[in-house]
Amino acid sequence: MTTKRHKVVELENVVVRFAGDSGDGMQLTGTLFSEAAAVAGNDFATFPDYPAEIRAPQGTVSGVSGFQIHFGHKEIFTSGDLADVLVAMNPAPLKKNLMWVKKGGTIIVDTETFNDKSLEKAGYNENPLTDGSLTEYNVIKAPISSLTKKSCEDLGLDSKMILKSRNMFALGIMFFVFNREFSSADEYFEKKFRANPLIIESNKRILRAGYNFADTIEALSSITYKVEPAKLSKGKYRNITGNIATAWGLLAASEKSGRKLFLGSYPITPATEILQELSIHKSLGAKVLQAEDEIAGIVSSIGASFAGAFAVTSTSGPGLSLKTEAIGLAVMTELPIVIVDVQRAGPSTGMPTKSEQSDLLQALFGRNGEAPVVVLAASSSSNCFYYAYEAGKIAMEHMTPVILLTDGYIANGSEVFRIPKMADLPPINPPIVEAEDLIYRPYLRNPEKLNRSWAIPGTLGLRHRIGGLEKENISGNVSHDPENHQLMCELRAEKVRRVANYIEPQTIFGPKSGDLLVVSWGSTYGVMIEAVKEMQDAGKKVSLAHFHYINPLPNNTEEIFGRFKKIIVPELNLGQFVLYLRMNFQKFRFYQYNKIQGLPFMVMELVDKFNEILEEE
Amino acid sequence: MADGFQEITTLTKEDFTSDQMVKWCPGCGDHAILSSFLKVLPELGVRKQDVVVVSGIGCSSRFPYYVKTYGFHGIHGRAAPLASGIKITNPDLHVWMITGDGDSLAIGGNHFIHLLRRNLDINVMLFNNKIYGLTKGQYSPTTPAGKKTKTSPQGTIEHPFNVGELAIGAQGTFFARTVDNNPKMMGEIMLEAGRHKGTSLIEILQNCVIFFNNVHADVASKETKDENQLFLRHGEPMIFGKENDKGIILRGTNLEVVKIGDHGITEKDLLVHDKYQRDPGIHVMLAKMAPPVFPIVLGVIRSVTDFTFESKMEQIIQYEIETSLIKTVDDLLNSGKTWEI
């Protein structure tokens with residue numbers, strides 16, 4: 001690294017997208033690039049974009065796998081709109097991703113893959129590298145395949161094997177362009193290929209070959225970029241995806257409450273990783289049942305909850321539909337349980353790997369009878385940890401089912417996470433009944449929260465029976481008494497409503513009053529913040545109220561709404577939260593903005609919409 | 001634990017009798033089953049606070065309300081996962097699951113086979129009356145082919161399940177069959193099921209006086225039982241009949257009824273019951289025997305040992321606790337790639 005650079009340009013933030021065939025190792029390339037960004041002290045957020053098929057036909061557009069990272073010196077809230085740099089390993093990834101590249105952005109391609117056969121597979125009639133269609137971009141044509149082979153020719157490995165590491169050549173180029181250190185990638189090779197020193201050596205060589213290639217190419221070496229460390233607060237950090245953060249938040253709630261974790265769950269995209277992650281952590285006492293179906297997943301959890309575990313089930317929209325009846329059972333038996341719904345595009349099987357916010361009404365209302373539950377929504381990959389913890393705390397302290405909504409975008413995406421200390425998390429005190437408590441009655445309630453108590457089988461003196469039939473108030477005996485039923489329905493609803501007395505009030509980003517309040521929930525937080533910031537920087541009186549507590553809503557919600565002239569509710573559905581708000585706050589007029597393409601919002605479309613509403617008479 | 005021991009040894013039927021009014025129809029077989037169960041519980045040698053009775057939906061599933069233990073009346077078909085969650089969470093609990101032919105073989109069929117396959121140490125009593133009682137008389141998965149019911153006015157056109165065949169096919173380690181009018185036999189079998197480590201399934205031939213009265217009359221009535229019941233005892237030859245003069249032999253690959261004394265057949269030629277036989281072949285054949293050719297087989301047909309889900313789970317957890325570097329959630333949060341700012 002003795003080469004003299006002509007010019008180093010400092011950037012606030014950059015978006016890089018790696019794209020290849022689903023077997024090209026793009027997720028790994030992106031992860032290693034993220035780690036190097038971490039070492040450099042940048043803030044970042046990432047998003048993997050992979051096909052629903054495990055190995056879709058090679059070379060075709062449907063088989064393209066991508067990984068986007070947005071890193072910066074400033075605080076990063078999303079994985080970015082359009083890419084500054086696209087690395088395309090083949091023609092198909094170029095075809096699929098060109099629309100996501102900024103005009104004037106850089107595109108790095110492996111020229112050797114642009115042959116007739118692969119161009120045809122990708123659906124190109126003409127070679128885009130020569131037909132003039134890329135003149136608006138800075139295209140770097142790199143002979144990645146042959147240089148990769150050349151760098152390892154004396155190692156005695158077969159060339160097919162070597163070409164598998166073509167992605168590391170591309171990574172090397174990016175390391176040069178953004179002045180990255182080799183250390184984190186080298187560490188990875190040494191750990192991963194411990195048993196095979198030759199593979200460690202080849203990967204290191206290929207990475208450096210890419211780096212050196214970039215150094216020798218005028219178009220790349222004349223300007224390189226530096227993104228200064230972000231101004232993150234002091235502490236220990238790690239990278240985390242939303243699914244892992246959710247799993248860990250649940251484990252944290254288990255440890256804090258002293259209740260062993262039980263997860264009953266069935267594999268479903270994009271929630272499976274929670275099931276997999278919790279299966280690993282048996283050393284923390286977590287018991288996991290991979291159930292025979294979604295119904296058994298939740299029902300076994302209800303059984304576990306009855307037996308005294310902190311019980312959880314994880315799923316996605318179609319699975320939540322199947323769990324519907326059992327959630328009603330948990331409502332009736334007033335047992336704590338957390339249901340994690342990692343939303344995906346529906347209805348039915350829909351688009352399993354694409355994200356959407358369309359399970360909100362199902363979470364709120366999708367049950368027979370009057371069956372209120374607490375509904376929370378995480379808003380970023382890292383705060384899945386805190387809302388999973390909060391879901392556990394509310395479920396156990398208020399003796400109620402809690403549905404935690406996340407979605408594929410934050411579940412699979414990752415971001416920088418400041419590692420909390422368990423000692424700093426709030427206490428969780430479940431209302432567990434002591435042995436031989438003479439006052440205990442199954443449906444006797446705490447006068448403030450209205451929760452019943454948790455009497456755990458195996459405890460002397462508390463034998464009792466519960467079930468799905470209506471309960472007589474206090475005694476819990478089966479009752480078909482008309483007035484008792486009304487009373488019990490009201491008590492169950494009021495219990496959930498009173499959770500609002502135990503949560504943080506709703507906060508606003510921006511001035512307390514103004515011309516426009518943007519009201520959002522869930523994974524759109526990052527893009528809302530960026531859009532609202534942009535409006536504020538332009539002098540507009542716009543603020544953001546982003547909701548994490550959906551049911552019950554924070555007590556100060558109405559008061560906040562009253563301080564703004566206009567309110568808009570953008571959502572990745574056809575208007576579910578806005579319907580709920582209209583139902584609850586009939587005196588306000590709510591504008592809505594909806595997108596349902598399996599894609600996140602982009603900052604620019606939101607800014608345009610907000611301006612349009614501000615200008616409307 | 002001296003107190004606990006004393007407490008167990010002095011328990012009686014009354015310790016498990018609940019104060020709730022029993023609401024089954026007069027003459028329903030469920031009354032006798034409940035009575036036998038209440039007598040067996042004190043004999044099992046478990047603490048009263050450790051017994052949990054779980055059910056799904058149906059007439060049989062009202063059972064937990066009538067037993068003074070921890071109890072959970074679930075939703076239709078889901079008793080098996082409910083019981084599984086309880087047992088996995090606390091393997092020290094003594095879990096009984098009460099279900100019926102509709103609850104476990106129709107809507108809960110999937111859970112039922114997987115419970116057996118996992119071999120959780122749960123005792124299952126399946127009340128088989130071959131009809132839907134609580135919804136007033138529709139056919140069930142065990143209703144005999146051709147039977148006219150409210151939903152099969154021209155006769156059913158479905159092949160019924162044989163409970164034993166299904167359970168053994170799902171790798172059940174314990175299968176027994178009894179009838180609701182023989183309290184002594186029920187008690188004996190419940191006790192053995194309660195002591196078996198693994199999922200114990202008891203099929204109880206139970207009479208629905210309202211919607212399928214005398215459903216089991218061909219094997220369970222005073223007139224028919226001697227000729228049409230064969231009570232199996234481990235290690236003993238398979239003999240039945242009013243005069244104890246009939247037996248079962250294996251000829252080729254088929255079972256056959258023979259008369260002792262005919263054609264020189266003696267007791268020594270008869271099949272001897274081996275409930276511990278791992279190969280399920282003969283057990284399935286016995287479970288499928290039925291009039292008019294054969295007597296029906298009662299008693300413990302199969303009882304083999306294998307590891308239980310929850311004991312393996314506890315072993316793995318113990319091993320992980322001892323060997324993993326991650327002892328707390330703080331350890332977990334700080335594991336892997338981290339950096340300081």
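Axes here are lines fitted to C-alpha atoms, for helices over the stretch in contact, and angles run from 0 to 180 degrees between N-to-C directions. With that convention, the axes of helix α4 (residues 144–151) and helix α8 (residues 197–216) of chain A come within 9 Å and cross at roughly 125°. This is a predicted model, in which local features need pLDDT of at least 70 and side-chain atom pairs count only at pLDDT 80 or more, while totals for chains, interfaces and linings use all residues. Residues are numbered from 1 along each chain as its sequence is written, and chains are lettered from A and ligands numbered from 1 in the order in which they are written. Helices (H or I, at least four residues) and strands (E, at least two) are DSSP runs, numbered from the N terminus.

**Helix packing around α4 of chain A**

- The helices α4(A) and α8(A) are oblique to each other, given that angles under 35 degrees count as roughly parallel, over 145 as roughly antiparallel, 65 to 115 as roughly perpendicular and the rest as oblique.
- The crossing of α4(A) and α8(A) is right-handed; a crossing has that name if the near helix is turned clockwise from the far one by less than a right angle, and is left-handed if anticlockwise.
- On the α4(A) side this contact is made by L147(A), T148(A) and S151(A), and on the α8(A) side by R205(A), I206(A), A209(A) and F213(A), where two residues are in contact if their C-beta atoms, placed from the backbone, lie within 7 Å.
- The contact of α4(A) with α8(A) has four nonpolar, two polar and one charged residues; Ala, Val, Leu, Ile, Met, Phe, Trp, Tyr, Cys and Pro count as nonpolar, Asp, Glu, Lys and Arg as charged, and the others, Gly among them, as polar.
- Helix α4(A) also packs with helix α6 (residues 166–177) of chain A, at an angle of about 100° and with the axes 9 Å apart, which makes α4(A) roughly perpendicular to α6(A).
- Here α4(A) contributes I144(A), S145(A), L147(A) and T148(A), while α6(A) contributes R166(A), F169(A) and A170(A).

**Where chain A meets chain B**

- In the contact between the two chains, 58 residues of chain A touch 49 residues of chain B.
- Among the elements that give two or more residues to the chain A side are α1 (26–39), α10 (242–257) and α13 (317–333) of chain A, and the largest share, nine residues, comes from α12(A).
- That side of chain A divides into 29 nonpolar, 16 polar and 13 charged residues.
- Strand β9(A) is joined by three bridges to strand β12 (residues 338–340) of chain B, and the two run antiparallel; strands pair if DSSP finds at least two bridges between them.
- Within this pairing, Y237(A) stands opposite W339(B).

**Residues in their surroundings**

- S283(A) lies in the loop between α11 (272–280) and β11 of chain A and is buried, with 21 other C-beta atoms within 10 Å.
- A residue is buried if 20 or more other C-beta atoms lie within 10 Å of its own, exposed if 12 or fewer, and partly exposed in between, with C-beta atoms placed from the backbone.
- Leaving aside neighbours within four places in sequence, S283(A) is in contact with E320(B), I321(B), S324(B), I326(B) and K327(B).
- In α11(A), the buried residues are E273(A), I274(A), L275(A), E277(A) and L278(A), and they pack against α10, β10, β11, β12 (310–315) and β13 (337–343) of chain A.
- V284(B), placed in helix α10 (residues 281–288) of chain B, is partly exposed, with 19 other C-beta atoms within 10 Å.
- V284(B) and L166(B) are 118 residues apart in sequence and 8.9 Å apart in space, C-alpha to C-alpha.

**A parallel sheet in chain A**

- Four strands form an open sheet with parallel pairing, in the order β19-β18-β21-β22, and its edge strands, each pairing on one side only, are β19 (542–547) and β22 (590–594).
- Neighbouring strands of this sheet are turned by 25° against each other on average, direction ignored.
- Strands β18 (residues 514–521) and β21 (residues 564–571) of chain A pair over four bridges, with L517(A) opposite I567(A).
- Helix α20 (residues 576–584) of chain A packs on the sheet, touching β18, β21 and β22, and its direction makes about 140° with that of β21(A).
- Helix α21 (residues 603–615) of chain A lies across β18, β19, β21 and β22, running at about 140° to β18(A).
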